[in-house]
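Here is a short report on one protein chain. Please look over the model before reading on.

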Amino acid sequence: MANEHFNEALKNFMKDSANGGAIRHLYDLGYSVEEIQKACA
């Protein structure tokens, strides 16, 4: 149930951000949050 809730929250986050998928992908590749924020700024 908790995992389901997490997935739903993640889905909503992605929907809110046009770049959500790309940001998630970069994060999965090992870029730091600061690096991603700088790249998106």
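How many helices and strands does the protein chain have?

## Fold

The protein chain has three helices and zero strands. Its order along the sequence is α-α-α. Helices (H or I, at least four residues) and strands (E, at least two) are DSSP runs, numbered from the N terminus.

## Model and confidence

This is a predicted model: local features need pLDDT of at least 70, side-chain atom pairs count only at pLDDT 80 or more, and totals for chains, interfaces and linings use all residues. Residues are numbered from 1 along each chain as its sequence is written, and side-chain values use heavy atoms, without hydrogens and water.

Mean pLDDT (the predictor's confidence in each residue, from 0 to 100) is 74 for the protein chain, with 76% of residues at 70 or more. Helix H1 (residues 2–16) is lowest, at a mean of 73, and helix H3 (residues 33–40) is highest, at 78.

## Surface

Of the 41 residues in the protein chain, 5% are buried (under 20% relative accessible area; exposed is over 50%, partly exposed in between; 1.4 Å probe, protein chains only).

## Gln37

Gln37 sits in helix H3. Gln37 is exposed, at 53% relative accessible area. Gln37 and Ile23 lie 14 residues apart in sequence and 8.9 Å apart in space, C-alpha to C-alpha.
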